[in-house]
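Please look through the model below before reading on.

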Amino acid sequence: MASTTVISAIRGAILVLALVVFLGNIMMWIIMPTDTYYNDWLFHILADTNSTFFGIQGPIMLDFTFPILFIAVLGCLYLHLGKRRSSFIESSKRVEKPKFMRRPMIIKGLGIVNLTELALFTMFIALCVWYFADYVRHWYKQVPVRSMSRVTRGSSILPMLGLTSEASIKYHIWLGNLAMSLFTAHGFLYILYWSITHRLSESLHVFYRAKTIELNFSKSRGLKYNPTSTIFINVPTISKLQWHPFTITSNSNLEPERLSVVIKCEGSWSQKLYDIIQSPSSIDRLQVSVEGPYGPASTHFLRHDVLVMISGGSGITPFISIIRELLFISSTLKCKTPRIMLISVFKNSSHLSILDLILPTSGAPSNSGNLDLQIEAYVTREKGQSKDKLQSPRTIWFKPDASDAPISPALGPNSWLWLAAIISSSFIIYLVLLGVFTQYVVYPIDRNTNNLYSYTKKGSMNMLFICFSIMIAASAAFLWNKKQNAKEAKQIQDMEESVTSRSSNSSFDHDDVEMESLPLQSTIKSINIHYGQRPNLKRILSEIKDSSVGALVSGPKEMRQDVAAICSSGLADNLHFESISFTW
């Protein structure tokens, strides 16, 4: 308990220090365009920071570059301390902001924002207006007033045809109307062609084909990520340049050696991936590159008494990772978890199979009954249960190659500390290179006058030094960490080879998966399926009387705005809106 208090105090001090530096930096940005800065402050700054190593670039870096990098390093330290388990439990306790800070607002053009986001956006716009107004003021001071001459509209082509510029306006109108008519006719003919060739259904009800893929990757135990994190996936056999983001559905605590994503075939890239995997002559190896994970630094789901997760279609994927995280907290950390109500909206019953992915088939503790989970599924385009039998999922094992490696953190297990080290060391390397270059190349020519040495050469060398510094620092960290992960990668690959060989010599069917997940079914208290209707979200949310209700929404824009409007209406003070981003 004492260590948790010390860590919380250190994190608070880091946060205050970062805020003070940030406000000071903002003050410099505000004061810089004024005459006070140019006529008074700048001379004192130059006199106090005059150096043959950095020249006039020194005070610029001191005023505007160093504070941002310093805040970045402080942020890394703050997030690293927050990763510790004791700090996690402490941060998950109910420490709520004032209601007016959390209440969502729907603003046309901006979407759903809270007061903090609106204040930052307003400050940014005000700063831009301030700089533009000052630029215009200085421009009018320096440019003499000139009489505005009329711009001629003469043309050498129109008179040759016997036309005037005034008369040609109607021709522009005619051409515009003709172009819009042709575009409309072009689109109508395409729709007619799709109808005749029976392709219209393929272009409009892609959602009726229940083609979903779950990719499972091996990962090192040192790779940790929070729920709702995303990764970018590249499959060279489909496209060497396209990287597609997907929300991670697995949990790094429950499944320490596996990372999973669910891909729904709704585009050309995902359809090609599905065709490759489901081809009659199934391939035994698929080359995939992964970047990430990227996600929130911390989660605060434990601060609520009830979590109402509202998803539309593909939006259920981030909630799978959240439920698995709460399952781990309930079973392993023995912490009290909120009651969960999952409201999922689907277009047809074939998509109900995605609910089977909520609970992991392996890696979960047997004692998972403490998690109170209720599922309300709504199928909007069907009046009753479909008579078509759903196909059982097919499992395909790919043979590992000698060059394959599990997903591992590129910067080491303590990635935030490594990132702080990379930022600091790269900036130090940059300062050394810049100082040597300025001292022995630039200063002998311009003597800090900033007028004789070529701006182009100086700017090019600055960019070269920045790139070189980052490359050296990041490469050193990457190579060191790669060496550390090599041993673990070999162990994981040996284990995969044995599993693959066993699966190829034995029948691996869906019954084995169901038997493995039977102990977890007690976690789900009830599953209710409603056909031919949509959920009455206002009624459902207003009927929950617990003191703190977190309304998490992941789905279409209209759904998020409807829930945000309900939470901000003031009808129930216990509702707290949170929008969850997802990629599928």
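Strands, as named here, are DSSP runs of E of at least two residues, numbered from the N terminus. The coordinates come from a predicted model, and the points below should be read with that in mind.

1. Thr228. This residue sits in the loop that runs between strand E3 (212-218) and strand E4 (230-234). The relative accessible area of Thr228 is 14%, so the residue counts as buried, the cut-off being under 20%.

2. Gly292 and Pro293. The peptide bond joining Gly292 and Pro293 is cis, with omega at about 5°. Pro293 is placed in strand E7, which covers residues 289-294.

3. Cysteines. How many disulfides does the structure hold? The count is zero.

4. Annotated spans. The unreviewed UniProt entry places the feature "transmembrane region" at residues 12-32, 60-81, 109-133, 171-193, 416-441 and 461-480. Among them, residues 416-441 are 100% helix and 0% strand in the model, with end C-alpha atoms 37 Å apart. Residues 461-480 are likewise 100% helix and 0% strand, and the C-alpha atoms at the ends of that span lie 28 Å apart.

How values were computed
Residues numbered from 1 in each chain as written. Predicted model: local features only at pLDDT ≥ 70, side-chain atom pairs only at ≥ 80, totals over all residues. Heavy atoms only, no water. UniProt positions renumbered as here; feature names shortened; annotations may be inferred. Helix = DSSP H or I, 4+ residues; strand = E, 2+ residues; numbered from the N terminus. Disulfide = S-S within 2.5 Å. Buried < 20%, exposed > 50% of the residue type's maximum accessible area, 1.4 Å probe, protein only.
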